Amino acid sequence: MGREDFSETTYMLEISDPMMAHVARAGQFVIVVLHERGERVPLTIADFDRERGTITLVIQAVGKTTRQMQQECRVGTRLFGMAGPLGKPASIGGVRKVICVGGGLGVAPVFPQVRAFKNAGAYVIGVIGFRNKDLVFWEEKFRRYCDEMIICSDDGSVGIKGLVTKGLEMSMDKHADTDRVVAIGPPIMMRACTETTRPRKIETIVSLNPIMVDGTGMCGGCRVRIGDDVRMACVDGPEFDAHTVDFDDLMSRVGRFKEQERQALERWTNNGCNLRTDCNRQSS
Amino acid sequence: MAGKTIRTIPQERTPMPVQDCHARGMNFAEVALGYDEDAARREAERCLLCPDPACVKACPVSIDIPGFIERISRGDFRGSYDALADANLLPAICGRVCPQEVQCEEVCPVGETLEPVAIGRLERWIGDHAIEQGWSTVPYIEPRRYRVGIVGSGPAGMACAADMAKAGCDVTIFEALHRPGGVLRYGIPEFRLPDEVIDAEYANLERLGVRIACNTLVGRLFTLEEMVGKLGFDGVFVATGAGSPRFAGIPGDSLNGVLSANELLTRCNLMRAREFPEYDTPLPLGRRVAVVGAGNTAMDAMRVSLRMGVEEVSCVYRRTRHESPARREELEHAEEEGIAFHWLTAPVEILDDGKGNVRGMRCTRMELGEPDRSGRRSPVPIPGSEFEFPADIVVYAIGTNPNPVLGQTSNLKLDKRGYIEVDEHLATSIAGIYAGGDIVTGAATVILAMGAGRKAARSMKAYFGVRDTETVYELGDQSATRFGIPVFEKNHTRVLAY
């Protein structure tokens with residue numbers, strides 16, 4: 001396992017799993033179990049390297065498990081379990097011009113799509129947004145595959161000042177012939193992007209991240225409302241046509257264990273987890 | 001009359017001790033405590049040892065029932081275990097979860113006038129005794145060049161794996177979750193089937209040389225076609241289970257607090273949410289849980305809820321107790337534990353508390369009308385009988401749909417509903433790939449899945465052209481040894497646990 005820290009809360013893990021790296025495709029996710037007593041955490045694949053046989057995950061330390069991973073996962077650590085690739089791969093073919101929007105942590109999982117679209121011959125416009133300059137990561141990686149790129153930041157410390165929807169508007173104004181928009185990020189950001197593209201009737205794809213247990217279609221916990229249907233994000237998704245997604249439903253369901261999450265985090269923090277304030281820069 | 005003895009069997013069925021119904025509602029320890037040696041021998045006496053036993057025919061895996069029971073009454077427990085394990089790899093599991101009352105025990109002639117012989121309890125006792133003693137039956141296995149991949153580590157997969165390993169094949173089981181056992185692990189709660197029993201049965205499989213690869217979702221990591229193609233498996237058995245839970249499709253289904261029995265059970269059993277926050281996965285259940293459905297899964301969900309500390313657990317079922325598809329013992333145990341049953345009741349809407357959480361259900365009373373295709377009288381709503389049913393959590397245990405992953409990722413022929421189509425030998429539309437268990441039949445029982453696993457193994461052996469080791473070594477000289485193993489033992493080495 002390799003690791004790099006992007007900021008105090010955001011870190012990247014590069015996990016060696018040659019078989020998974022060989023078949024992983026843009027849009028898919030993995031389920032990680034940190035230790036024997038751990039929960040099953042779904043994480044979208046941020047990158048994969050078929051030659052080196054690695055899967056890359058970019059994780060934000062927000063809850064108990066992600067913080068514990070931040071603390072415990074070092075070069076050489078072994079995960080208790082990782083299953084994947086899960087979910088349907090993104091459909092890439094038949095698109096000539098695409099805008100890929102990534103907000104905050106969503107910047108990472110949108111990267112494989114950018115690369116796949118580029119390799120399939122599409123004209124790719126990247127719109128990535130961060131809160132501020134210090135949180136920016138993978139800029140170079142994106143520039144390599146994007147024909148055009150806009151960076152947005154909340155405070156204007158880098159790129160344009162404003163949300164990703166502003167960057168998205170600008171790109172759509174400039175390229176009226178855009179075939180598709182792919183937006184990945186927190187539900188609220190995906191909803192904002194969806195509402196931005198809706199009047200223009202541009203096909204928009206979002207990658208949903210509801211709460212999951214098994215990730216194989218067995219528990220129904222990740223069900224989402226898509227138009228009049230109920231679908232399972234883990235096996236029917238995670239990508240769906242944004243204009244049919246019921247975001248209110250998604251946002252309400254994402255918060256269903258808030259109280260327990262808080263409790264777990266509190267308990268873990270109090271039990272001497274030695275939260276590190278410095279951030280060790282390490283790379284594989 | 002020479003050779004014929006007339007004996008009187010004990011008239012009363014030997015009762016099995018159970019945990020007190022008040023105490024057990026608070027713990028996850030096993031409810032039914034099982035026989036001890038005396039009780040087992042007494043119950044074994046009740047078997048008539050019929051020359052043409054009906055029970056064997058009623059058993060999905062054709063266990064030699066009089067054979068193993070007769071050995072118990074003689075005190076030859078090891079022999080009894082061998083007879084049992086010959087047909088059924090998992091006696092400790094099946095003794096606990098099989099619906100014996102509609103299989104072997106239903107046709108037992110003793111049952112015509114008295115209570116039938118408690119075959120299931122005897123099976124369980126032998127299974128437990130074998131685990132205690134560390135017995136396992138590992139025959140001499142001649143390695144063959146065939147490789148078998150099994151998709152799913154539940155009962156069907158386990159049964160098929162054991163038979164193929166005994167036939168000398170190199171067997172690997174692929175499991176998508178992080179622990180093996182399938183429904184035995186995530187579905188059936190510990191108070192019915194303790195984890196140690198599953199672990200012990202899995203240890204037996206490993207002694208046969210079976211490998212288990214967890215965290216492997218076949219279809220996504222590699223496809224079925226790749227398994228029989230470049231991965232070099234000569235045969236594949238698909239036993240993925242029924243999979244995808246059904247929801248009622250009524251307003252309010254997506255509220256927080258509405259979950260499938262699968263989710264509830266998986267969180268509690270596999271992820272150990274009952275020990276949250278020691279374990280990371282939560283399962284908040286509130287004060288009142290209403291479970292919709294009255295099958296075995298519903299019973300498990302209700303009894304788990306009770307043990308998680310829920311004050312009021314109710315069952316809402318649109319038919320009557322008579323139509324409930326649950327195993328009788330589970331239904332009785334649930335009633336004893338104080339679960340409130342609301343027969344002839346069906347939800348029509350789940351009610352919102354205004355914050356996206358469940359506050360209750362609007363239900364309607366039902367009455368039974370004409371019999372439907374399953375022969376059960378179908379429930380019809382009584383107009384104007386709607387009422388509110390308060391609940392914090394609503395759990396659906398109303399059946400499953402087939403899991404779509406293999407359908408999405410292979411060219412396997414499916415039927416209209418999405419189950420895998422097989423012929424009478426359980427062969428699918430792709431050569432070398434067999435399928436069985438719930439993914440073929442829809443939700444059924446552990447023993448039927450095991451039966452399917454064994455049947456698929458027979459077909460696969462015929463397809464490979466291999467015979468069982470036992471048949472191969474019918475040597476004339478009974479004192480011979482082969483690779484140091486006496487042949488008269490039918491190549492069984494009796495391995496003690498470490």
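1. Helices (H or I, at least four residues) and strands (E, at least two) are DSSP runs, numbered from the N terminus. The model is predicted. In chain B, the loop between helix 2 (37-44) and helix 3 (54-58) holds B:Leu49. Phi of B:Leu49 is near 50°, which is positive in a residue other than glycine. With a relative accessible area of 36%, B:Leu49 is partly exposed.

2. A:Lys201 is not a glycine either, and has a positive phi of about 55°. The loop that contains A:Lys201 runs between helix 6 (187-197) and strand 13 (203-207) of chain A. A:Lys201 has a relative accessible area of 73% and is exposed, because the cut-off for exposed is over 50%.

3. The peptide bond between A:Gly237 and A:Pro238 is cis, with omega about 10°. A:Pro238 sits in the loop between helix 7 (233-236) and strand 16 (239-241) of chain A. As background to these points, most peptide bonds are trans and most residues other than glycine have a negative phi.

4. Chain A has nine helices and 16 strands. Its radius of gyration is 18 Å, close to the 19 Å that the globule rule gives for 284 residues, so chain A is as compact as a globular protein of that length. The C-alpha trace of chain A spans about 55 × 40 × 40 Å along its principal axes. Of the 284 residues in chain A, 58% are buried.

5. On chain B, a positive surface patch consists of B:Arg246, B:Arg373, B:Lys416 and B:Arg417. B:Arg246 is located in the loop between strand 6 (244-245) and strand 7 (258-260) of chain B. Its relative accessible area is 35%, and B:Arg246 is thus partly exposed.

Technical notes
Residues numbered from 1 in each chain as written. Chains lettered and ligands numbered in written order. Predicted model: local features only at pLDDT ≥ 70, side-chain atom pairs only at ≥ 80, totals over all residues. Heavy atoms only, no water. Patch = residues over 30% accessible without salt bridge, like charges linked within 9 Å, V, L, I, M, F, W, Y side chains within 5 Å. Areas by Shrake-Rupley, 256 points an atom, 1.4 Å probe, with all protein chains shown as cover. Salt bridge = Lys/Arg side-chain N within 4 Å of Asp/Glu carboxyl O. Lys, Arg positive; Asp, Glu negative; His and termini not counted. Charge placed at Lys NZ, Arg CZ, Asp CG, Glu CD. Buried < 20%, exposed > 50% of the residue type's maximum accessible area, 1.4 Å probe, protein only. Rg over C-alpha atoms; globule rule 2.2 N^0.38 Å.
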